Amino acid sequence: MSGKFIDRVLKKEWSDGHIQRYVGNYRSTYLAHASDLEVRRKAASGGVTSALLIHGLHSGVFDGVVVCKTVLIDGKVRARFEIATTADQVLAARGSKYVETRFLREVLPLIRLFEGRVAVVGLPCDISAIRHRCEKELALADKVVMTFALVCGHNSRTGLIDAITSRLEREAGQKIRDYRFRVGQWRGRLEAEFEDGTTISEPSKYFNDYQNLFFFCERKCMTCIDHYGYHADISVGDIWLFSLKNDPIKHSGLIVRSEGGETLYQSALDVGMIRSTNLDIRDIMDGQSRIGPAHYNVSARVRAGQLFGLKLKDTVNEPVTWHAYLNAFITIANMRLTERAWGQKLIFMTPRPLLKMGLYFKKALESLK
Ligand SMILES: Cc1cc2nc3c(=O)[nH]c(=O)nc-3n(C[C@H](O)[C@H](O)[C@H](O)COP(=O)(O)OP(=O)(O)OC[C@H]3O[C@@H](n4cnc5c(N)ncnc54)[C@H](O)[C@@H]3O)c2cc1C
Ligand code: SF4
């Protein structure tokens, strides 16, 4: 069956109201990738974020970029922020880090100390937080000249990556020295490098099956409705269209929201840093058709959360169907389970086929209209 046919079958109807609620304001949307294979290699999707950042640095739009790097702290994989001022530093920070960070606590002092204008990359909640700070702190607002949001389903607590890397270390009989959450085509693979130079690569589901079931999900994600990064100049996400599954080039979906974002995008295109074609916002939303609406529907999590003693605030008053409720129930139950030591043990003792069944059931609930 051709990918285009599958995309046509799976295509959803998105009204203007859906677009406004889920995506927010935007000017244009593109299917894009970094032109340079070296930039795309080890990038999370099409490497377009890194390409735009490098172009912004080289063309003087900003002097530094707040990026998020994988580091090892006491042998544990963690994510830390720094300000990159060179292309090499931007490239060293490629890839998605599916682990909790302390965004404002780390990033604000970095920006305040930095002499010059900066671009900031972050998850939608991070971008909203920095925008909010800029409203209160004018010196900060003068420095932060552009923001990039990564489309975000949710993020995971450190417990998940620690469990996964411990398992890999046991398999390798070695301590880990570097880790990449996801590289390569389509869903990609995780890569771990060990002290003796050996590597282990596993399909990304080795980590993502647990993540997609919301085990170890951060608490703040329970009240979050922002999947696409409402407040960024440019939002970038994966593009999950089956017609692109076997494409030798991995692409990103780009949502340009501001005039500054459009100018940067256009000049990167003009100098050949990125390649891009126009794309309908509905195509981007089709690729996120399960998780996008479920993410927005905090009303369902508010209702299900009551059973777990969670007091969440309903900011959207969405209708709560039985399947949205059941999905929210599983989301919160799984998150709560990993807040108990015995729960964590139980999860990692559960055979993979059972986890898979749970995952397919959850995906089926998310797919119902
Ligand atoms: C926790 C998380 C959840 C995501 N969920 C989805 C999803 O549901 N659907 C979807 O389409 N896309 C999702 N993404 C985004 C996607 O994985 C890619 O990051 C995005 O497509 C950009 O790819 P790229 O190749 O252009 O980025 P690259 O060129 O590889 O650059 C990525 C940039 O993002 C920065 N970065 C990486 N991780 C973080 C982080 N945790 N916090 C702040 N900055 C970071 C890096 O410093 C780097 O500069 C998620 C990303 C993360 C980190
Ligand atoms: S789901 Fe929302 S709160 Fe959670 S990490 Fe993503 S943007 Fe932040």
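Q: What makes a contact a salt bridge in this predicted model?
A: A salt bridge is a side-chain nitrogen of Lys or Arg within 4 Å of a carboxyl oxygen of Asp or Glu. The model is predicted.

Q: Why is the contact of Lys362 and Glu366 called a salt bridge?
A: The N to O distance is 3.1 Å. The cut-off is within 4 Å. So the pair of Lys362 and Glu366 counts as a salt bridge. Both residues lie in helix α17 (residues 352-367), four residues apart, about one turn of the helix.

Q: Why are Lys362 and Glu366 called buried?
A: Buried means under 20% relative accessible area. Lys362 has 1% relative accessibility, so Lys362 counts as buried. Glu366 has a relative accessible area of 11%, so Glu366 is buried too.

Q: Which residues are joined into one network by salt bridges that share partners?
A: Arg157, Arg219, Arg336 and Glu339. The structure holds 22 salt bridges.

Q: Why is the pair of Arg21 and Glu318 called a salt bridge?
A: The closest N and O atoms are 3.4 Å apart. The limit is 4 Å, so the pair of Arg21 and Glu318 qualifies. Arg21 lies in helix α2 (residues 16-22), and Glu318 in the loop between α14 (298-305) and α15 (322-337). The pair therefore ties together parts that are 297 residues apart in sequence.

Q: What makes Arg117 and Asp63 a salt bridge?
A: Their closest N and O atoms are 3.3 Å apart. That is within 4 Å, so the contact of Arg117 and Asp63 counts. Arg117 lies in the loop between α6 (103-113) and β4 (118-122), and Asp63 in the loop between α4 (48-58) and β2 (64-73). So the pair ties together parts that are 54 residues apart in sequence. At 33% relative accessibility, Arg117 counts as partly exposed. Asp63, at 32%, counts as partly exposed.

Q: Why is strand β10 (residues 252-256) called largely enclosed?
A: Five of its five residues are buried, so β10 is largely enclosed by the rest of the structure. Ser252, Leu254 and Val256 are buried on one side, and Gly253 and Ile255 on the other.

Q: How do you know that β10 pairs with strand β1 (residues 28-34)?
A: A pair needs at least two bridges. β1 and β10 have five, in the antiparallel sense, so they pair. Thr29 has Ile255 in β10 as its bridge partner. Five bridges also join strand β9 (residues 234-238) to β10, again antiparallel. Ser235 stands opposite Ile255.

Q: Why is Phe5 called partly exposed?
A: Its relative accessibility is 38%, so Phe5 counts as partly exposed. Phe5 is found in helix α1 (residues 3-10). Phe5, Val9 and Leu10 form a nonpolar surface patch, with about 280 Å² of accessible area together.

Methods:
Residues are numbered from 1 along each chain as its sequence is written. Chains are lettered from A and ligands numbered from 1 in the order in which they are written. This is a predicted model: local features need pLDDT of at least 70, side-chain atom pairs count only at pLDDT 80 or more; totals for chains, interfaces and linings use all residues. Side-chain values use heavy atoms; hydrogens and water are left out. Buried means under 20% relative accessible area, exposed over 50%, partly exposed in between (1.4 Å probe, protein chains only). Helices (H or I, at least four residues) and strands (E, at least two) are DSSP runs, numbered from the N terminus. Patches are made of residues with over 30% relative accessible area and no salt bridge: like charges are joined within 9 Å, nonpolar side chains (Val, Leu, Ile, Met, Phe, Trp, Tyr) within 5 Å. Accessible areas come from the Shrake-Rupley method with a 1.4 Å probe; for residues, only the protein chains shown count as cover.
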